Amino acid sequence: MNNNSPLKFLMTYTKKYAGKIILAMLFMLASSGLNVLPPYLFKSIVDDVLISRDRFTLNLICGAVVLIFGLKAITTYFQRYLMTAAGQSVVMDVRIALYDHMQRMSLKKIYASRVGELMSRITGDVGTLQSLVTSTFIDLMFNLVTFIGMFLFILYINWRLTCLIIAVLPIVGFLMSFASKKLRRAGHNVQEHLADITATAQEAFSAIRVVRSFATEDEELHRFTKANEENFTALLQAVSIQGILAGVIEEFLIFALAIVFWYGGLEVLEGSLTPGELISFIGYIAFMVQPIRSIMNQMSAIQTGMASAERVFDMLQVPIEHTHDNEGINPGRISGKIKFENVFFSYDKEQEILHDINLDIKPGEKIAIVGSTGSGKSTIVDLIPRFYDPTQGRVLIDGHDVRELSLKELRRQIGIVPQECVLMKGSIAFNIAYGLENPDMNRIIEAAEIADIREFIESLPEKYDTEVGERGVTLSGGQRQRIAIARAVIRDPRILILDEATSSLDIAVERQVQKAISRAANGRTSIMIAHRLTTVRRADRILVLEGGKFIEEGTHEELLRAGGFYADLYKMQFGAW
């Protein structure tokens, strides 16, 4: 995003629908103009009908009133329809752009944010924007044009009485300017607390098993209640500011109306103003109160909407990963050679995770990385698909710095099986072929065969069309893991990364998954991270990482004979060898 303000950001999305907006504005001007006419008819009713007793004029005015309101209904319909269509289109474009941007943000930014808060940007903030551009803005413009039209009419009727009204307007303008700043801050608070409500509920339902396990329903209810009370307080503050402003301004207008009635009455008595003109003038003043009151209400909604626009705008300023095809070198079909050159990495300046890592991995080699929790194992493999960039040094694939490669082309050739295997809502076939365009069923079956899950799938009544449920809840841990392996190998990746792929499984299931992993790794450069050493014994090389450095390297037998960290770790898990 290159726009430097939320307003310019919104205007960027409205250009596409300029035709509809302009046409809607023309209908709005017509509707506002028709709304201004009825009070002027009061003059004719008093002067030409009641005083002159002109029946023809009475009939004419009654017909005119029906015609005016009929035309107003038609113009208002088209104005609202066109503006709502344009506004909804703008909001849809913003929501899609925001979603696309957020899913391309760095993992560091995403992991640092609460999922519920991110969701509130897409739902709550964009929903507030929807009200802003589809109704609030329309009503504001309609009332402004109506107010201006009525003001011009009272100026035409009697300029001296109008000057009395003008004297009040600077005070009203100052109050509106003063209140708008407070309303903007109050709108920010409301949106922030609303986001907190969403985030709190999201966290509780995402971890519902943990909540039930620790019987913390009451504590979670307290957190949710507290978030709602804070939101309630923020809402009351905003309503209080809005209510005080509307009341003060209305009092000023009523005071002005009293002066107009007194001064106008004197002019009628002196003969310089007709009774009809005074009634018409007072009618306009009375009618002007409603547009002003509506403008006050809409100002509050606009400030809340602009606060949401700022939150959406701020999110769109967060840097993203560039995964488009036209960015970076296309490496073609890679061989799978990986090299780390003097790699340092830290998530923040105070804590270094990796320190001077140097590593060469040959194409097709099977590497295992072991070490204690927090030693940096997952961070190393996260640098290969460029989930993060090194603080210093380079990661090369086939001699290319990964920072110079097209991310999309790079990641298409890397298969990843994470520790926490998350499946998408949909069928088994959809999950195995996830991300592929027009996947071939034979490839899906072949991937299932490699992952040693084909027999289980074909035993199901609906086979590959079986729905897995949200996050794969209808499958066991081992079944989910093997589907994740099938998902990783269906693209025939040259590099396979297995990050603690069996750590959460029991021994029997682990053996099944190990068999699947062995098949999947065949002919590919594979990197396995594991706590359980049973999964790494057949690796070509085992690297021991501790404190962000490699401290040992060798085969399983070599490391046992060396009697170092790996041997101690093995003893703790299996006893003496």
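Residues are numbered from 1 along each chain as its sequence is written, and side-chain values use heavy atoms, with hydrogens and water left out. Because the model is predicted, local features need pLDDT of at least 70 and side-chain atom pairs count only at pLDDT 80 or more, while totals for chains, interfaces and linings use all residues.

Helices (H or I, at least four residues) and strands (E, at least two) are DSSP runs numbered from the N terminus, and two strands are taken to pair if DSSP finds at least two bridges between them. An open sheet of four strands, with antiparallel pairing, runs in the order 2-1-4-5. Its edges are strand 2 (351-361) and strand 5 (400-401), each of which pairs on one side only. Seven antiparallel bridges link strand 1 (residues 338-348) to strand 2; F345 has L354 of strand 2 as its bridge partner.

A further open sheet has six strands in the order 6-7-8-3-9-10, and its pairing is mixed. Strand 6 (414-417) and strand 10 (549-554) are the edge strands, each pairing on one side only. From one strand to the next the twist averages 20°, where axes are lines fitted to C-alpha atoms, for helices over the stretch in contact, and angles run from 0 to 180 degrees between N-to-C directions. Strand 3 and strand 8 (residues 525-529) pair in the parallel sense over four bridges, and K366 stands opposite S526 in strand 8. Helix 16 packs on this sheet and touches strand 6 and strand 7, with its direction at about 175° to that of strand 6. Contact here means heavy atoms within 4.5 Å.

The end C-alpha atoms of helix 16 are 19 Å apart, which agrees with the 18 Å that its 13 residues should span at 1.5 Å a residue; the expected span is 1.5 Å times one less than the number of residues. Of these 13 residues, 11 are buried, among them R482, I483, I485 and V489. Buried denotes under 20% relative accessible area, exposed over 50% and partly exposed in between (1.4 Å probe, protein chains only).

A nonpolar core is a set of buried Ala, Val, Leu, Ile, Met, Phe, Trp, Tyr and Cys residues joined through side-chain atoms within 4.5 Å. The largest such core has 44 residues, and those with the most contacts inside it are I428, I432, Y464, V536, I542 and Y566. Elements giving two or more residues to this core include strand 3 (366-370), helix 13 (428-432), strand 9 (541-546) and helix 19 (565-574). Helix 16 supplies the largest share, six residues. Beyond its neighbours within four places in sequence, Y566 is in contact with residues including V370, V536, I542 and L559.

R541 lies in strand 9 and counts as buried because its relative accessibility is 15%. The side chains of R541 and E553 are joined by a polar contact of 2.7 Å, a polar contact being a pair of N or O atoms within 3.5 Å; within protein, one must be able to donate a hydrogen and the other to accept it, and residues adjacent in sequence count only if both atoms are side-chain atoms. K377, in helix 11 (residues 377-383), is buried, with a relative accessible area of 6%. Its side chain reaches the backbone oxygen of G371 at 3.2 Å.
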